[in-house]
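Colleague: I'm new to this one, and I'd like to learn how to read it. Could you walk me through it?

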Amino acid sequence: VSNITESKLHVSWTTVSVPDKVIEKYQVSAYPVKSYSQMDALNRNEWTFYNTTHSSDLLGLHPGTMYNISVWAVTSDGHSDPSTKMVWTEVGEPDEPSPVDIIERKGETLSIHIPEGVSNKGPITGYYVVTLEKHSLIFFNPEEVGNYSLSLETGLPFYITADLLPEHANRSFIVGDKRMYNGYYNAPLSEDRDYEILIGVVSSLNGVTKITYSP
């Protein structure tokens, strides 16, 4: 199995030897066994291939799902034992979170409410809190966002001010409290500037991470 994405993977197999039997075709199945979506909403996929085929892309799979991939040969009066492998599809992007509610501005800090992330394409593994200066001519770019020090070096008007655990959902959080959150400095805010706060919902699975930011 190779070239795994959110919705497809490539499977290949060798010629099956069945004594005194002629192989008529090959069959391949992808049965979901674990998912971050509702299992009853997922399809049990099966494909049939000519006996000269030994590889194919399997399409229509669901992100963040473990599939039992099986391949077997079909003869005139039966079939071979299946060859099976458990494979995860790649995690998908979480749903877009709600806009951040700012509860109170107080000097160098802002009190906000962390909205709960939702995804049926993978686990919610954390939240990025992003500070963004209002009225800047530079728009927020997820590809460029980094920590506070990077924003000072580059002049970008946004930075990740905290990396929070999933348990922080539906809680209040103080932006600018001068503490470290998983390696990110929660820098105090300038009292003469206005800010927006964005939330990035983080979903990581098997070394792949997808992030969706609030509007």
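This is a predicted model: local features need pLDDT of at least 70, side-chain atom pairs count only at pLDDT 80 or more; totals for chains, interfaces and linings use all residues.

Colleague: Which residues do domain 1 and domain 2 cover?

Modeller: The domain assignment gives 2-89 for domain 1 and 102-213 for domain 2. About 620 Å² is buried between them, with carbon and sulfur atoms giving 57% of that area.

Colleague: How many salt bridges are there between domain 1 and domain 2?

Modeller: One. Lys-210 pairs with Glu-6, and their closest N and O atoms are 2.7 Å apart.

Colleague: What else does Lys-210 form a salt bridge with?

Modeller: Glu-90, at 3.1 Å between the closest N and O atoms. Lys-210 sits in strand β16, while Glu-90 is in the loop between β7 and β8, 120 residues away.

Colleague: Is Lys-210 buried or exposed?

Modeller: Buried means under 20% relative accessible area, so Lys-210 counts as buried at 15%. Glu-90, at 25%, is partly exposed. Through shared partners, Glu-6, Glu-90 and Lys-210 join into one network.

Colleague: Which residue forms a salt bridge with Asp-77?

Modeller: Lys-21, with the closest N and O atoms 2.6 Å apart. Both residues lie in loops, 56 residues apart. Asp-77 is exposed at 53%, whereas Lys-21 is partly exposed at 36%.

Technical notes. Residues are numbered from 1 along each chain as its sequence is written. Side-chain values use heavy atoms; hydrogens and water are left out. Domain bounds come from an automatic or database domain assignment. Buried area is the accessible area (1.4 Å probe) that two parts lose on being put together, summed over both. A salt bridge is a side-chain nitrogen of Lys or Arg within 4 Å of a carboxyl oxygen of Asp or Glu. Helices (H or I, at least four residues) and strands (E, at least two) are DSSP runs, numbered from the N terminus. Buried means under 20% relative accessible area, exposed over 50%, partly exposed in between (1.4 Å probe, protein chains only).
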